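Hi,

Here is the structure I promised to pass on.

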Amino acid sequence: MGIRIQTEDFNIGAEIAGLTGGRTDIGSVVTFTGTVRGTAGGAPITSMTLEHYPGMTEAELARVEAEANARWPLSASLIVHRIGELHPGDNIVLVITASAHRHAAFEAAEFLMDYLKSRAPFWKKEARPDGTSQWVDARETDTAALQRWQKSPSKAAE
Amino acid sequence: MTSGTKTNTVTLRYFAWVREKIGFAEEEISLPAEVATVAELIEWLKARGETYRAAFDKPEVVRTALDQTHARADTPIANVREIAFFPPVTGG
């Protein structure tokens, strides 16, 4: 289990190796990587700045990760989220889940992202080529994604 | 603050566009005891000035955390030390 918030980029291969190196009980590793899109609503953006709430963001990510570990038999998990100024194509977030079998790893990774997006205190501000900038609005679809997990318990945990 | 005075000293923290509208990130404030819930605190803050009214123009949009835990409009704020206001989160 691990949580990191950092300005610097992450290396997916190195993070997987750090999580699974030397272990023979893991049969499945799933990774999700979120990256900065170059457009917002069809218009180009030049950068995206991520703000967070030091202390609460870490606590909220730890709660989300503990919840995933309670629902699925995970061997290991990691959430890395970047903050500060990012540019189109840059990595934003990395989620890694490892389990003996793939269903738990797949489902837990999706669960972690859905919860992170609707609960962890991060805010994105996008800058445009004309020098203006705008805070990104929260999406209704992210809330809907979360509700899925409140209705159906995991099949993989059985 | 002498003991027996009915005020509650809290740190208020603002993030993202709530911070921009209020004009700063953090303040320490003494709340009268009758300000008992998140919703009452927002009304009390709005009476403090135009920047607060702008930040809480649509209070249903603003999210709140009490001591770094998500809270709702009707959550009591007694004994809370840190209250944060922010827009719906957009990480990931």
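Predicted model: local features only at pLDDT ≥ 70, side-chain atom pairs only at ≥ 80, totals over all residues.

**The sheet in chain B**

Strand β3 (residues 63-66) of chain B pairs with β4(B) in the antiparallel sense, over 3 bridges. Within chain B, B:Ala65 stands opposite B:His70 in β4(B). An open sheet of 5 strands runs in the order β2-β1-β5-β3-β4 (chain B), and the pairing is mixed. At the edges sit β2 (26-32) and β4 (69-71) of chain B, each pairing on one side only. From one strand to the next, the twist averages 35°.

For chain B the mean pLDDT is 93, with 93% of its residues at 70 or more.

**Where the chains meet**

The contact takes 21 residues from chain A and 14 residues from chain B. On the side of chain B that touches chain A, α1 (16-22) and β5 (82-86) of chain B are the elements that give two or more residues. That side of chain B has 9 nonpolar and 5 polar residues, and no charged ones.

**The nonpolar core**

The largest nonpolar core has 54 residues, and those touching the most other members are A:Val95, A:Ala108, A:Leu112, A:Leu116, B:Phe15, B:Val18 and B:Ala84. Helix α3 (residues 102-119) of chain A gives the most to this core, with 9 residues. What does A:Leu112 contact, leaving aside its neighbours within four places in sequence? A:Leu112 is in contact with A:Val64, A:Glu65, A:Ala68, A:Ile79, A:Val95 and A:Thr97.

Cheers

Key:
Residues numbered from 1 in each chain as written. Chains lettered and ligands numbered in written order. Contact = placed C-beta atoms within 7 Å. Helix = DSSP H or I, 4+ residues; strand = E, 2+ residues; numbered from the N terminus. Nonpolar A, V, L, I, M, F, W, Y, C, P; charged D, E, K, R; others polar. pLDDT = per-residue confidence, 0-100. Core = buried A, V, L, I, M, F, W, Y, C linked by C-beta atoms within 7 Å. Buried ≥ 20, exposed ≤ 12 C-beta atoms within 10 Å, placed from the backbone. Pairing = 2+ DSSP bridges. Axes fitted to C-alpha atoms, helices over the stretch in contact; angles between N-to-C directions.
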